[in-house]
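Thanks for coming, everyone. Let me put the structure up, and then I'll walk you through it.

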Amino acid sequence: MENVTKDIVNVGVNDRDITLFEGQYEVENGMAYNSYVILDEKIAVMDTVDKRATEEWLSNLDEALGGKKVDYLVIQHMEPDHGGSILELIEKFPEMKLVGNAKTFTMLKQFYDIDIEGKTVEVKEGDTLSLGAHTLNFVMAPMVHWPEVMVTYDSTDKTLFSADGFGKFGTRDADEAWTCEARRYFINICGKYGAQVRALLKKAAGLDIEKICPLHGPVLTEDLGYYIDKYNVWSSYAPEDEGVLIACASVHGNTMHAALKLKEILEAKGAKKVVLTDLCTDDIHEAVEDAFRYSHLALASITYDAELLPVMESFIKKLKMKNYQKRTVGLMENGSWAPMANKIMRAMLEGMKELKVAEQSVTIKSALKDSDIGQLEALAEELLV
């Protein structure tokens with residue numbers, strides 16, 4: 001457990017056993033499922049935890065309550081990593097009221113076959129709930145990143161309970177910087193919904209916030225401007241850093257050799273940062289994160305069965321799914337008899353907002369030759385603009 005303020009306790013659980021979050025995101029340092037208790041005349045629990053952690057969470061909750069009962073469960077987000085233990089809490093405190101919005105209760109009945117008649121307190125934008133000394137203010141945050149999401153501001157302790165906002169991969173005590181895993185989390189979990197995140201940030205700007213309590217990762221208590229600035233950048237899809245990500249899909253190493261040469265040329269020409277990722281072996285979600293982080297992207301792929309190598313196709317689809325935009329992209333293909341990759345990649349990129357595809361593309365026939373260097377030089381020039 002963790003004391004956030006005199007009256008607010010984080011009774012969440014660090015899941016050190018999970019290695020794959022949401023069935024797809026590698027989490028070497030596990031995950032935190034945060035749940036908060038506000039101890040007042042009336043006691044409120046802010047969300048539950050994943051069913052993987054129910055038993056430990058209930059133990060933490062009992063310790064924090066010290067024999068008292070829970071009056072309200074505030075359900076900010078119904079996704080199972082936060083709503084997975086709702087039934088257990090209802091069974092433990094049958095007189096407890098469930099606080100949520102209309103969409104919350106629709107989803108609750110979809111997940112659980114339960115009768116909630118007379119057990120709910122339905123709230124909407126601007127509504128408040130008094131616990132005694134603490135007053136909870138409810139702010140709707142639809143599509144950040146589900147339609148029922150809301151966040152809650154405790155005006156007494158100036159604390160924002162931010163649902164999935166400002167969360168990160170990793171346990172609360174993971175020995176790692178916040179930014180990298182928070183960026184990977186944001187881009188892959190909330191990245192599609194930048195406009196909705198910005199709408200929430202605009203609402204939050206009118207609140208006097210001293211602490212941010214997300215549902216994943218550590219509680220944020222210092223230099224909040226730094227975290228908010230990162231969210232402003234990420235949600236606007238603006239590049240965070242000047243640099244080039246080269247994403248390569250190579251089978252026998254020849255396309256990778258050409259990608260390495262492009263990296264060498266870019267660095268020689270003064271590129272601030274060049275990152276090369278092997279889509280066949282590296283974490284694709286790290287690659288997606290870096291594509292959003294840097295200002296330029298180069299895609300290098302073989303032609304495979306007259307299509308793209310599947311890892312490249314998947315990578316571009318993930319970029320499109322997460323609303324990739326406002327970048328310059330260069331294309332490089334390799335093919336021994338009928339190179340098709342550049343044509344296919346160009347078509348997949350069509351429709352992405354404010355995306356410029358470099359005029360110079362590169363075509364390698366089987367293996368890089370000295371005669372191909374000019375193409376790489378020309379592409380590098382466009383990627384440095």
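I'll take the nonpolar cores, then a few backbone details. One caution before that: this is a predicted model.

Start with the cores. In soluble globular proteins, nonpolar side chains tend to be buried together. Here, the largest nonpolar core has 94 residues. Three of them touch the most other members: Leu61, Leu299 and Phe315. And which helix gives the most to this core? That is α5, with seven residues.

Now look at phenylalanine 315. Leave out residues up to four places away in sequence. Phenylalanine 315 then touches Leu245, Ala247, Leu279, Ile284, Ala287, Val288, Ala291, Leu297 and Leu299.

On to the backbone. Where is the cis peptide bond? It joins valine 144 and histidine 145, with omega about 5 degrees. Find histidine 145 in the loop between β13 (135–140) and β14 (150–154).

Alanine 163 has a phi near 55 degrees, and it is not a glycine. Its place is the loop between β15 (159–161) and α5 (178–190).

Serine 366 is not a glycine either, and its phi is positive, about 75 degrees. Look for serine 366 in the loop between β23 (362–364) and α12 (373–383).

Are these two residues buried or exposed? Alanine 163 has a relative accessible area of 1%, so it counts as buried. Serine 366 has 30%, so it counts as partly exposed.

That's my tour. Over to you.

How values were computed
Residues numbered from 1 in each chain as written. Predicted model: local features only at pLDDT ≥ 70, side-chain atom pairs only at ≥ 80, totals over all residues. Heavy atoms only, no water. Helix = DSSP H or I, 4+ residues; strand = E, 2+ residues; numbered from the N terminus. Buried < 20%, exposed > 50% of the residue type's maximum accessible area, 1.4 Å probe, protein only. Core = buried A, V, L, I, M, F, W, Y, C linked by side-chain atoms within 4.5 Å. Contact = heavy atoms within 4.5 Å.
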